[in-house]
Amino acid sequence: ATSPAVLEVERKFTYKSDVEDVLQALGATLQGQLLFRDTYYDTVDLRLTLCDHWLRNRQGSWELKLPFSPHESGRSSNPVTQYQELTQEKEIIAAVGELLGCMPLSEGMEALVAELGLQAFASYVTDRRSYVMPREGLHVDLDEADFGFAVGEVEKVVATAEEVPEALERINHFCVQLGVTGVKKVPGKMTTYLLQYRPEHYQKLKEAHVL
Ligand code: V4E
């Protein structure tokens, strides 16, 4: 059976040292703090990320982020991005197979990695403090990556495309309250990582208008 869709509508923001006071004043509550490593994989010729597909292993679990609204996510300067997130290995394998136009090859992720020759191109640890805005159904993450980069992210998870406009509205309203101005997209951890450590990969994604 297919699991219900997880559609992530999110906006990244830069924050100052008083952000947690501001969040608490707005009614956000601290949910917890988590340390996790993400390792991202692609084919040697970068066919996944060039199509805005992000396959990662987070602390032993596989996840695939892919656009569900290709015109909105990634390909514009819109600060709000929309991605679908798959966490079931069967669904991840099917989506990768569909994108790369190959037969649904393998049974498990390890076999898929071997068959496609997937290689790790980025790996970093995130120290994340998670807040929730219960009434708005918003999640706010304050991330510090181990390569010296911090970014905030406000996110709403919805199940259908029809719920996206309201999610967008809530996110943008919240950003105004938070004092996040500007309509430009803020670079995330991956963009910053690639720019620092994988400049050729970064350049290719720029040219393909993925970043
Ligand atoms: C690079 C990228 C993706 C992979 C990383 O996604 P991100 O939201 O940074 O991950 P993280 O650690 O916050 O995961 P969470 O726990 O929230 O799931 S997904 C989409 N992109 C593309 C992308 C883009 N097109 N433009 C910008 C500015 N950033 C990223």
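This is a predicted model: local features need pLDDT of at least 70, side-chain atom pairs count only at pLDDT 80 or more; totals for chains, interfaces and linings use all residues.
Me: Where is Q59 found, and what is its phi?

Reply: Q59 is found in the loop between β3 and β4, where the two strands form a hairpin with two residues between them. The phi of Q59 is positive, about 55°, although Q59 is not a glycine.

Me: How do you know whether H209 counts as buried or exposed?

Reply: The cut-off for an exposed residue is 12 or fewer C-beta neighbours within 10 Å, and H209 has 10 inside that distance, so H209 counts as exposed. H209 lies in the segment after α6, and its phi is near 60°, a positive value in a residue other than glycine.

Me: What makes β3 and β4 a pair of strands?

Reply: Two strands pair if at least two bridges are found between them. Five bridges join β3, residues 54-58, to β4, residues 61-67, and the two strands run antiparallel, so by that definition they pair.

Me: Which residues of β4 lie on its covered face, and which on its uncovered one?

Reply: The covered face of β4 holds W62, L64 and L66, whereas the uncovered face holds S61, E63, K65 and P67. The reason for such a pattern is that in a regular strand the side chains alternate between the two faces of the sheet.

Me: What do the strands close into, and in which order?

Reply: Eight strands close into a barrel in the order β1-β5-β4-β3-β2-β6-β7-β8, and the pairing is antiparallel. From one strand to the next, the twist averages 35°.

Me: Why are the buried residues of α5 said to be on the same side of the helix?

Reply: In helix α5, which covers residues 189-197, the buried residues are K189, M190, Y193 and L194. They cover an arc of only 125° around the axis, and this is why they are placed on the same side of α5. What covers these buried residues includes β6 (119-133), β7 (138-145), β8 (149-158) and α6 (199-207).

Me: What is the pattern of the whole protein along the sequence, and why is the protein called as compact as a globular protein of its length?

Reply: The secondary structure comes to six helices and eight strands, and read along the sequence they follow the pattern β-α-β-β-β-β-α-α-β-β-β-α-α-α. The radius of gyration is 17 Å, close to the 17 Å that the globule rule gives for 211 residues, and therefore the protein is as compact as a globular protein of that length. Taken along the principal axes, the C-alpha atoms fill a box of roughly 50 × 40 × 30 Å.

Definitions and conventions. Residues are numbered from 1 along each chain as its sequence is written. Helices (H or I, at least four residues) and strands (E, at least two) are DSSP runs, numbered from the N terminus. Axes are lines fitted to C-alpha atoms, for helices over the stretch in contact, and angles run from 0 to 180 degrees between N-to-C directions. A residue is buried if 20 or more other C-beta atoms lie within 10 Å of its own, exposed if 12 or fewer, and partly exposed in between; C-beta atoms are placed from the backbone. The arc is that of the directions from the helix axis to the C-beta atoms. Two residues are in contact if their C-beta atoms, placed from the backbone, lie within 7 Å. The radius of gyration is taken over C-alpha atoms; the globule rule is 2.2 Å times the number of residues to the power 0.38.
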